[in-house]
Amino acid sequence: MESRLPPLNALRTFVTAARVGSFNDAAEELCGTPAAVSRSIKSLEDHLGCALFHRSHRRVSLTGDGQYYLAHLGNVFDQIALATQNLAAQRAHRPLVVCAYPSFIINWLIPRWSSLARKSSGLELKLVTTHTHDIDFEKAGIDAAILTDRAEYGTRTSERLFVANLVPVCSPNYLPAATLASDDDEWGHSLLHSETRPNDWQRWAEANGNTRLDPYRGQRFESSKLMYEAAIAGGGIAIGLEPLLQREFSAGSLTIAFPDSKPASCPFHLIRPASTETHPFFQPFREWLISEVNSKPEPMKVASQPSGK
């Protein structure tokens, strides 16, 4: 006998035919034909190397091997059905797991949390952070991710949410008054980088046609949050996503460094595997997310003109 498992459909046909004692009745229950049932049983017998039924004109009965096999299969299909129902029930009662960069969760999602609570009071979320674009949804138990840069994620659905401005930021008194983006020989040594987004300065330089700047020079930090804190402390010029820095702009702890520069574009995407579409909390979360994106745009923070360093 072969060691590999027999086809599941053939097993289901065998169990049904054994229970009703007729290939014709089994075919009716399985929405097939008697010939198809007979072929399926024959293929299973060939696989096992033994006869499972005594065949007569109208009825069939189990052989000794057939009785043994049915007894040891037990209620396997009932167990499969129960496991499926339990999984669906468990999924219905677990939170929607959403993954994003720490800076996005802290500076964009959490400030809007009260709006989400008002519109979807029964929605349960679990927020987890990532420092990478590569998410193993199934292994990590993640239902959806909000990420930037990559529009394609293999078989995952990737839906663009919005495009953010990528801008240089610093503490208000870090640069001398009226410092321009073209004065990079004066400030190019003070770049701050986030390892989460290592190519942001390169993207900004390309958007501004700046070929003189070394976009990988400077100090590096594990996350954007740490990079922003270093900029607030006067440690250099960070490169940041404007929608995530509104609190810092309003508090006056950060400002856009160069009023003459062009922002680079940075799209945010909502990525999820196909299985997430059936999660009971996903569609309410997605609808709320899109409504927030389509609400009034964040104001553009114009760089101030500090009196000196």
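A salt bridge is taken here as a side-chain nitrogen of Lys or Arg within 4 Å of a carboxyl oxygen of Asp or Glu. The views below come from a predicted model, in which local features need pLDDT of at least 70 and side-chain atom pairs count only at pLDDT 80 or more, while totals for chains, interfaces and linings use all residues. Residues are numbered from 1 along each chain as its sequence is written, and side-chain values use heavy atoms, with hydrogens and water left out.

View 1. Lys42 is partly exposed, with a relative accessible area of 44%, where buried means under 20%, exposed over 50% and partly exposed in between (1.4 Å probe, protein chains only). By the salt-bridge rule, the count comes to 13.

**View 2. Glu159 and Arg286 form a salt bridge.** Their closest N and O atoms are 2.6 Å apart, and the pair links distant parts of the chain, with Glu159 in strand S6 (residues 157-170) and Arg286 in helix H13 (residues 282-293), 127 residues apart. Glu159 is buried at a relative accessible area of 18%, whereas Arg286 counts as partly exposed at 22%.

**View 3. Arg212 and Asp184 form a salt bridge.** The closest N and O atoms of this pair are 2.6 Å apart. Arg212 lies in the loop between H10 and strand S8 (219-221) and Asp184 lies in helix H9, so the pair ties together parts that are 28 residues apart in sequence. Arg212 is exposed, with a relative accessible area of 54%, while Asp184 counts as buried at 10%. Elsewhere, salt bridges that share partners join Glu159, Arg272, Glu277 and Arg286 into one network.

**View 4. Trp187 takes part in aromatic pairs with Trp201 and with Phe258.** The whole structure holds 13 aromatic pairs, counted when ring centres of Phe, Tyr and Trp (its six-membered ring) lie within 6.5 Å, with planes under 30 degrees apart called stacked, over 60 edge-to-face and the rest tilted. Trp187 and Trp201 form a tilted pair, 6.2 Å centre to centre with 35° between the planes, and this pair links helix H9 (residues 184-187) to helix H10, 14 residues apart. Trp187 and Phe258 are also a tilted pair, at 4.5 Å centre to centre and 35° between the planes; Phe258 belongs to the loop between strand S10 (255-256) and strand S11 (264-272), 71 residues from Trp187. Trp187 is buried with a relative accessible area of 1%, Phe258 is buried with a value of 1%, and Trp201 is buried as well.

**View 5. Glu195 sits in the loop between strand S7 (192-194) and helix H10 (200-207).** Glu195 is partly exposed, with a relative accessible area of 43%. Leaving aside neighbours within four places in sequence, Glu195 is in contact (heavy atoms within 4.5 Å) with Arg220, Phe221 and Glu222. Glu195 and Met227, 32 residues apart in sequence, are 9.3 Å apart in space, C-alpha to C-alpha.

Terms used:
Helix = DSSP H or I, 4+ residues; strand = E, 2+ residues; numbered from the N terminus.
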